[in-house]
Amino acid sequence: MGAGSRAFLRARRSPTALPEVSEPAWASSTALGPSGSAGTGLPRLRHRPAWPLSAFAADDTSVQLCWPASPAGELRIEVGDAVVELEASPKASLLVSLYGRVLAPMSGGPEHQGPSSLNRLARLASAGPSSHLPVLAGTRQLDRAWPAGPGSALVEGLSPCTTYDVVVSTEGGPRFLAGRVTTMRPPPGRLLCRVAVLSDVHIGEKHFGALGRLWDGLGLASGTEPYPVRALRSAVTEAAAWGADLYVVKGDLTRLATAAELRDAGSLLAAAPAPVEAVLGNHDNVLGVNMRAVLASQGLGVGWWPWARDVPGARLVFANTAGGDARHNAGSLPTALGRRVAALAGDAPTPAIVFLHHPPELRRYPTVYPPGLPYSQSRDLLEALASSNPSTLVSCGHRHRNRRYRYGPLVVAETGSTKDYPGGWAGYKIYEGGVLQCVRRTAEPDVVAWTEATKRALNGQWGRWSPGRLADRCFSLTWR
Ligand SMILES: [Fe+2]
Ligand SMILES: [Fe+2]
């Protein structure tokens with residue numbers, strides 16, 4: 001056992017090395033106890049929700065409420081004294097094919113008689129919902145029992161560590177208690193910096209999912225920008241409104257790393273209204289293109305060896321893990337480079353956040369697909385980090401899901417993709433005494449119409465697996 005391992009074990013045994021964690025909470029009306037409506041004078045829902053609304057994100061001062069479908073055109077949400085009134089979005093629809101083949105019989109004008117399956121899909125998309133088509137061979141509206149579509153509302157100006165009733169109503173309908181949300185406690189000290197973190201933007205992707213491919217009906221039918229571009233552009237815009245001082249992109253910028261995809265990704269990211277740091281993912285290392293040169297030509301510089309950037313309150317460390325076997329979506333961070341990452345984190349007088357594409361693998365034999373870093377490299381990296389700077393958050397992408405777990409004193413967070421369910425970005429608020437992570441769904445209706453559809457991937461399992469728990473997405477760490 002090396003010196004690093006011994007130091008890691010000491011750190012793991014010492015409770016003072018562990019960061020203090022604060023999490024938000026959400027209880028839907030159906031989950032509240034008998035006292036759920038006490039004091040509000042409002043009806044509480046016992047069975048099927050009248051409006052399937054839940055808290056997707058909450059930090060110290062805000063909550064994002066999301067719903068897959070709406071009960072009416074005009075919606076009203078009250079959280080404490082804050083009131084949000086908005087109009088429901090149109091219903092989302094699903095456009096599916098089995099591996100590119102459209103199985104249903106076609107009928108349409110001569111402009112749609114092209115041989116490619118894409119033309120046939122475009123015809124399906126413009127034809128609108130078709131109830132007579134089999135589920136896996138055409139379009140259908142989502143959540144057909146509801147009159148309007150998915151959406152979200154961001155409620156700001158709340159107080160930390162406070163529980164609020166979420167009261168909702170619709171045009172002409174009664175007010176009712178939809179649930180209760182509790183905001184989290186922020187780390188101590190002043191807020192110093194905001195970093196917006198995006199991952200797995202996959203510019204160039206044409207469809208999503210296995211066991212039936214999901215297609216972007218909106219893009220095919222109307223000539224709207226492809227869904228990865230819409231999702232990235234909207235995430236960057238929403239993060240700018242949130243106040244991002246810096247953007248970090250955690251790899252898989254493209255689908256296949258063609259020169260065109262890299263150019264598009266580079267120009268979109270270089271246009272962000274704040275500096276951008278990016279690492280590469282396995283999808284950026286497929287064709288042997290000089291990816292860094294193409295990105296640099298668009299104004300997006302990407303380092304190769306581990307590097308660091310200091311922001312107020314933290315050192316950000318970046319490392320590329322794209323050197324693994326791309327056939328298996330594998331990553332690689334040789335031990336020498338892992339030690340370099342740990343040295344960069346340890347040299348800082350502040351806590352550190354390490355950004356990687358591939359998550360470290362905590363088991364010798366991976367149980368989750370796609371695989372992260374090889375187990376031996378993961379162990380070497382995490383033990384070196386725990387030894388050099390126990391006040392470190394490791395932030396990864398690659399699996400398109402939201403999860404949080406520990407390794408000794410370290411906290412590891414995986415955050416999801418911008419372009420598939422739930423579809424969003426993570427805001428990191430760096431305080432004098434810690435860091436707060438809050439993953440938000442991108443709210444732009446053109447994006448939500450697509451990300452809601454991708455919930456149905458893998459026969460609906462994607463919608464259950466990808467989002468994680470509220471406490472996976474939103475938490476605050478106080479360094480000790
Ligand atoms: Fe990815
Ligand atoms: Fe990946």
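User: Which residues in α4 meet residues in α9?

Analyst: In this predicted model, Tyr 227, Arg 230, Ala 231 and Ser 234 are the residues of α4 that meet α9, where their counterparts are Asp 446, Val 447 and Trp 450. The residues of this contact divide into 4 nonpolar, 1 polar and 2 charged.

User: How many degrees is the angle at which α4 and α9 pack, and how far apart are their axes?

Analyst: Two packed helices are described by the angle between their axes and by the distance between those axes. Here α4 (residues 227-242) and α9 (residues 445-454) pack at about 125 degrees, with their axes 9 Å apart. The crossing in which α4 passes α9 is left-handed.

User: Which strands does α4 lie across?

Analyst: Helix α4 lies across β12, β15 (246-250) and β23, and runs at about 25 degrees to β23.

User: What is the order of the strands in the open sheet of 7 strands?

Analyst: Strands of a sheet pair through backbone hydrogen bonds, in either a parallel or an antiparallel sense. In this sheet the pairing is mixed, and the order is β1-β25-β24-β23-β12-β15-β16. Because β1 (20-22) and β16 (276-279) each have a single partner strand, they stand at the edges, and one side of each is left without a neighbour in the sheet. On average, neighbouring strands of this sheet are turned by 20 degrees against each other, direction ignored.

User: In what sense do β12 and β23 pair?

Analyst: Strand β12 (residues 191-198) pairs with β23 (residues 424-431) in the antiparallel sense, over 6 bridges, and Lys 429 in β23 is the bridge partner of Arg 194.

Notes. Residues are numbered from 1 along each chain as its sequence is written. Chains are lettered from A and ligands numbered from 1 in the order in which they are written. This is a predicted model: local features need pLDDT of at least 70, side-chain atom pairs count only at pLDDT 80 or more; totals for chains, interfaces and linings use all residues. Two strands pair if DSSP finds at least two bridges between them. Helices (H or I, at least four residues) and strands (E, at least two) are DSSP runs, numbered from the N terminus. Axes are lines fitted to C-alpha atoms, for helices over the stretch in contact, and angles run from 0 to 180 degrees between N-to-C directions. Two residues are in contact if their C-beta atoms, placed from the backbone, lie within 7 Å. A crossing is left-handed if the near helix is turned anticlockwise from the far one by less than a right angle, and right-handed if clockwise. Ala, Val, Leu, Ile, Met, Phe, Trp, Tyr, Cys and Pro count as nonpolar, Asp, Glu, Lys and Arg as charged, and the others, Gly among them, as polar.
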